[in-house]
Amino acid sequence: ILTGPLGLPLYFNEAARQLLPGTGVDGDVLVRDWTAVATGSDREKLHAMIATTLDDGVRHRLLATFAPPGTELRSLMVTVSPRLAEDDRVIGLVITLQDLTDELQVRHELDVAQQRLLHLHLTLQREVF
């Protein structure tokens, strides 16, 4: 997602539109509030991160949960990087979205399996002694 100097999106690539259905261009209208489908307090955190990056010119990241209409919850790593002019003025942002949903689900399942194995191991040790 590319933004202008106020942080308002000017362009959504195809990947962003696929990750967040309903964003990008809807007919002839540019749907600018891509954070609208963020869940819980993540929307406010995203707005704060955008404002901070516009102010300090430093890249920031946040793992946020999104609930796009018609899809499952998605866990996205959102990276907000400044677009700088030659005089280091922030002239916009580059926002990248990395879908970590499957990776986080697999990690959770692995953690559950490891806990189950540890429990079985401890149970067997108690029975042996």
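1. Leu73 touches Thr39, Thr65, Phe66, Ala67 and Thr101, leaving aside residues up to four places away in sequence. Contact here means heavy atoms within 4.5 Å. Leu73 sits in the loop between β5 and β6. Helices (H or I, at least four residues) and strands (E, at least two) are DSSP runs, numbered from the N terminus. Leu73 counts as exposed, at 53% relative accessibility. The classes are buried (under 20% relative accessible area), exposed (over 50%) and partly exposed (in between), with a 1.4 Å probe and protein chains only. The C-alpha atoms of Leu73 and Gln98 are separated by 14 Å, and the two residues are 25 apart along the chain.

2. A word on the basis. This is a predicted model, in which local features need pLDDT of at least 70 and side-chain atom pairs count only at pLDDT 80 or more, while totals for chains, interfaces and linings use all residues. Residues are numbered from 1 along each chain as its sequence is written, and side-chain values use heavy atoms, with hydrogens and water left out.

3. Next, the overall build. The protein has three helices and seven strands. From the N terminus on, their order is β-β-α-β-β-α-β-β-β-α. The radius of gyration is 20 Å, whereas a compact globule of 129 residues would have one near 14 Å. That radius is taken over C-alpha atoms, and the globule rule is 2.2 Å times the number of residues to the power 0.38. Along the principal axes, the C-alpha atoms fill a box of roughly 70 × 35 × 25 Å. Of the 129 residues, 30% count as buried. Among contacts between residues at least 6 apart in sequence, 41% join residues at least 24 apart.

4. The structure holds one aromatic pair. The rings of Trp34 and Phe66 have centres 6.3 Å apart and planes at 25°, so the pair is stacked. Rings of Phe, Tyr and Trp (its six-membered ring) pair if their centres lie within 6.5 Å; planes under 30 degrees apart count as stacked, over 60 as edge-to-face and the rest as tilted. Trp34 lies in the loop between β4 (29-31) and α2 (42-56), and Phe66 in strand β5 (residues 60-66), so that the pair links parts of the chain 32 residues apart. Trp34 is buried at 2% relative accessibility. Phe66 is buried too, at 0%.

5. There are five salt bridges. The term means a side-chain nitrogen of Lys or Arg within 4 Å of a carboxyl oxygen of Asp or Glu. One of them joins Arg43 and Asp33, with the closest N and O atoms 2.2 Å apart. Arg43 is in helix α2 and Asp33 in the loop between β4 and α2, so the bridge ties together parts 10 residues apart in sequence. Arg43 is partly exposed at 30%, and Asp33 is partly exposed at 32%.

6. Arg74 and Asp99 also meet in a salt bridge (3.0 Å, N to O). This pair links strand β6, which holds Arg74, to strand β7, which holds Asp99, 25 residues apart. Asp99 counts as partly exposed at 34% relative accessibility.

7. Asp87 forms a salt bridge with Arg89, at 3.1 Å between the closest N and O atoms. Arg89 is partly exposed at 49%. Asp88 has a phi near 70°, a positive value in a residue other than glycine. Asp88 lies in the loop between β6 (74-84) and β7 (90-99), and counts as exposed at 58%.
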